[in-house]
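Grab a pencil and work through these exercises with the structure open beside you. Each task is followed by a solution you can check step by step.

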Amino acid sequence: MRYSYYPGCSLERNASAYHVSAMEVAKPFGVEFAEIDDWNCCGATEYISLNKMAAYALVARNLAIAKNQPGNNQTLVAPCSACFLNLSKAEQYLCEDETLRGHINTALEAGGMHYNAGGLSVRHLLDIFVNDVGYDAIAEKVVKPLNGLRIAPYYGCMIVRPGFQGVFDDHEQPVALDKLMKVLGANVVDFPLKANCCGGHMTQISEPVAMDLINRLLKNAADYEADILVTLCPMCQLNLDAYQADVNRYFKTSYHIPVLYFTQVMGLAMGMSAQEMGIGKELVDARPALAKIGVEVPEPEPVKKKRPAKEELPMPLMPEKE
Amino acid sequence: MASATTQARAPTFFDQVVAATPGVSHLEMCIQCGTCGGSCPSGPDMEHSPRALFAMIKGEMREQVLRSNTPWYCVSCYYCMTRCPQEIHITDLMYTLKRMAIREGFSKESSASDAPGFSQSFIGFVENYGRSFELGLATRYHLTHHPLEVYKMAPMGLGMLRRGRMALTPKPIKGVNQLKAILNRAKQLEEEEYAL
């Protein structure tokens, strides 16, 4: 099976572990994700707040590239929930809104492009694994079941809502990730807030609102004694992982819940090493939790020693006089 | 039977909001049930619930609507939109109100006045390079909006850098000039549409 693949900006750097693990985990199933040429950002939730035409034109360039990619099967896979939403939403609105379609094609023409909306199916990476590869095929590849690891499956919002091209799971109580984690042998804990929002960009806009939203999720996972949270979106991972220390400071809590991508834990269950899965890039250390299932994670690279303090103030180095 | 002789009238605020929203917004269908506000994770921090805001739009309360912090506190989680019994595209309407508030200068007066700046910093990198650039975004946005609080970001930023999760320099896409041409044309079209 070969799919066109839109990684999105986050997967280039911040969520590189998600990209690497997804590629590795797909191989044993004969699934190939072919990255589309020279894609651009999807605009996240920012461009649409500033300029409607530019926001849709930005996404339409990606859709046009995907559709004209040689050998594409009219399915475009996105691992990031925000990219998935923006791509599927633009495809849908360009199909149903004739005026918008006309304007966007006028804009695309300025770059020598055209987009015939319709027929492109935008799907999330999780959808591909659970529905195309299937639970049974995944079960067959499990060699190191995650027995004893308590996992809280976190979906976030945009993978299940609103479903511009239809949804593959329930809007409010999705189960696909729960089932996948069970297939891997994990103990899936009840996680009532599994489809609640991580706050998205609110960390940058209102600290109290963002801290409250992240705290709700961490508290819910901690209440059900989860060892780790498993996510399918780089924004959710960033908020829950990188801001966990801030939440602990803000609410004087002491959460220590590592946040991994579903592809990373799939790889571990399939016998791949923690290193191959990019584990170690998370800010909340996953080693204590993974030790429970006998997974060894290499030590993080030692922190470089601080430069010895100089007596005088730091000054730019000047070339020595001869 | 509807008369074919409806008189031309100046577009109302309600008309403008609907026209600026892509697809079919169903805004006129609101039955004031309040499911949206009750479903909203940041609802308690909003000055008006979406329901109240929609009533205000129908009441032509342009300024009060565009001054409200409500659209800026929308986290785009789409709970309201999937639960709305009238299938109103609430999240898309919030984006429309954000664009109008910026254009008409009201966003500066809302209690979430930093939000447009964050969007602009983010998009600045996308327009110039084709992709987002997290390190540049974090530094540019915080230095221009919260210069005295930059130190708060330092521990997390260093953690991200140390783990190779942030690039030090932006990497432009090959078709960056093509993208710029497309976006510039799109912006002209946005101006033309707004002038109508």
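**Exercise 1.** Which residues have the most contacts inside the largest nonpolar core?

*Solution.* Keep in mind that this is a predicted model. Start with the core itself: the largest one has 165 residues. Inside it, the residues with the most contacts are Ala57(A), Ala60(A), Leu87(A) and Val230(A). Next, look for the main contributor, which is helix 3 (residues 52-68) of chain A, giving 12 residues. Now zoom in on Ala60(A): skipping its neighbours within four places in sequence, Ala60(A) touches Ala90(A), Leu94(A), Ile104(A), Leu108(A) and Tyr115(A), counting C-beta atoms within 7 Å. As background, nonpolar side chains in soluble globular proteins tend to be buried together.

**Exercise 2.** Describe the fold of chain B.

*Solution.* Count the elements to begin with: chain B has 11 helices and zero strands. Then take the extent, where the C-alpha atoms of chain B fill a box of roughly 70 × 40 × 30 Å along the principal axes. For burial, 41% of the 196 residues of chain B count as buried. Finish with contact range: among chain B contacts between residues at least 6 apart in sequence, 62% join residues at least 24 apart.

**Exercise 3.** Which helix of chain B gives the most to the side that touches chain A?

*Solution.* First size up the contact, with 56 residues from chain B and 53 residues from chain A. Several helices of chain B give two or more residues to that side, including helix 7 (90-103), helix 8 (115-129) and helix 11 (176-195). Helix 11 of chain B gives the most, with 11 residues. Last, sort the chain B side by class: 30 nonpolar, 13 polar and 13 charged residues.

Note on methods:
Residues numbered from 1 in each chain as written. Chains lettered and ligands numbered in written order. Predicted model: local features only at pLDDT ≥ 70, side-chain atom pairs only at ≥ 80, totals over all residues. Contact = placed C-beta atoms within 7 Å. Helix = DSSP H or I, 4+ residues; strand = E, 2+ residues; numbered from the N terminus. Nonpolar A, V, L, I, M, F, W, Y, C, P; charged D, E, K, R; others polar. Buried ≥ 20, exposed ≤ 12 C-beta atoms within 10 Å, placed from the backbone. Core = buried A, V, L, I, M, F, W, Y, C linked by C-beta atoms within 7 Å.
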